[in-house]
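Visitor: Could you walk me through this model, one question at a time?

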Amino acid sequence: MILIGVDPHKSSHTAVAVDAAGHQVAQRRFVVNAGTFRQLMRWCEQWRDCRFAVEGAGGLGRSLAQQLAAAGENVVDVPSTLSAWARLLATGGDRKTDAKDALHVALFRHDLRSVVQEDQTTILRLLTERRDDMVHERTRVLNRLHAVLRDLLPGGAPTGLSADKTAALMKAIRPATATDNCRRDIARDLLADLRRLDRQVKDNEAEMREAIAATRTTLTTLPGLGTVLAAKVLGHIGDVSRFPTEHHFASYTGSAPLDASSGNNVRHRLNTGGNRALNSVLHTIAVCPDPRRRARTGLLPPQDR
């Protein structure tokens, strides 16, 4: 069995082959281009049985890791933090080279996550990330629009501004100076941007709905879990079987409390690590009232929170 560790970069990939005893047997650097994967596989033909470990298979190594998975190869994802710790423990310092990184990546643990081909959950994650970007951009446009209308309308624009409300307000604007004319033109441009973003967000949610339907999930039947939140859950988690226990899942989401001690006092505090986007989704689900429960307060019972 030959273990091949790959340290990926934008312009080059460095691969190191290690035998079962942990001894380096070969090393090669590949320039990133259309033929990189073919060159790597041809180089690996000299060994009968190979396993691959790619550092950052969800980042810079995504393309190569996906090509290996599609070819039926055994591939695992080595987090960059893990390879950094291995390098530090092996050398006693943080000096690095691509070859040394690839060597430490090759000496991976056997409990690392296997790389699988991208599927519908990857599409959902891409759509949710795109939606988050558009929502942030829409908020920025709204804030800028509020600032411009403040100088055009007495008292400024009300809160809860939308494209239709902005159009109605602008009908009453009568610029008296050239400066106000410029402000009105800018407000019109911002209004056009706002309408465009509203359409894009709506189209994005329709794509999410189709992608969720293709997964045949039942998540949307849960209280408080609509199209967007269900897409985030599926997109970020992917195959839930990759978490060995519920404790690993809680660590990934950052929902497991941490013990903090101060003298004889032991208390819990919020875990600031983990996937914060997914943690926010789980919090929304937890505090959403379930119509099937008859709690007058509208909150979940304490044991369910």
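Visitor: Leaving aside neighbours within four places in sequence, which residues is threonine 227 in contact with?
Guide: Happy to start there. This is a predicted model, where local features need pLDDT of at least 70, side-chain atom pairs count only at pLDDT 80 or more, and totals for chains, interfaces and linings use all residues. Residues are numbered from 1 along each chain as its sequence is written, and side-chain values use heavy atoms, without hydrogens and water. With contact meaning heavy atoms within 4.5 Å, the partners of threonine 227 are Glu205, Met208, Arg209 and Ile212.

Visitor: Is threonine 227 buried or exposed?
Guide: Threonine 227 lies in helix α8, residues 227-237; helices are DSSP runs of H or I, at least four residues, numbered from the N terminus. Buried means under 20% relative accessible area, exposed over 50%, partly exposed in between (1.4 Å probe, protein chains only). Threonine 227 has a relative accessible area of 18%, so it is buried.

Visitor: Which residues of α8 make the contact with α7?
Guide: Good one to look at on screen. From α7, the contact is made by Glu205, Met208, Arg209, Ile212 and Thr215. On the α8 side, the residues are Thr227, Val228, Ala230, Ala231 and Leu234.

Visitor: How many of the residues in that contact of α7 with α8 are nonpolar?
Guide: Ala, Val, Leu, Ile, Met, Phe, Trp, Tyr, Cys and Pro count as nonpolar, Asp, Glu, Lys and Arg as charged, and the others, Gly among them, as polar. The contact has 2 charged and 2 polar residues, and the nonpolar ones number 6.

Technical notes
Helix = DSSP H or I, 4+ residues; strand = E, 2+ residues; numbered from the N terminus.
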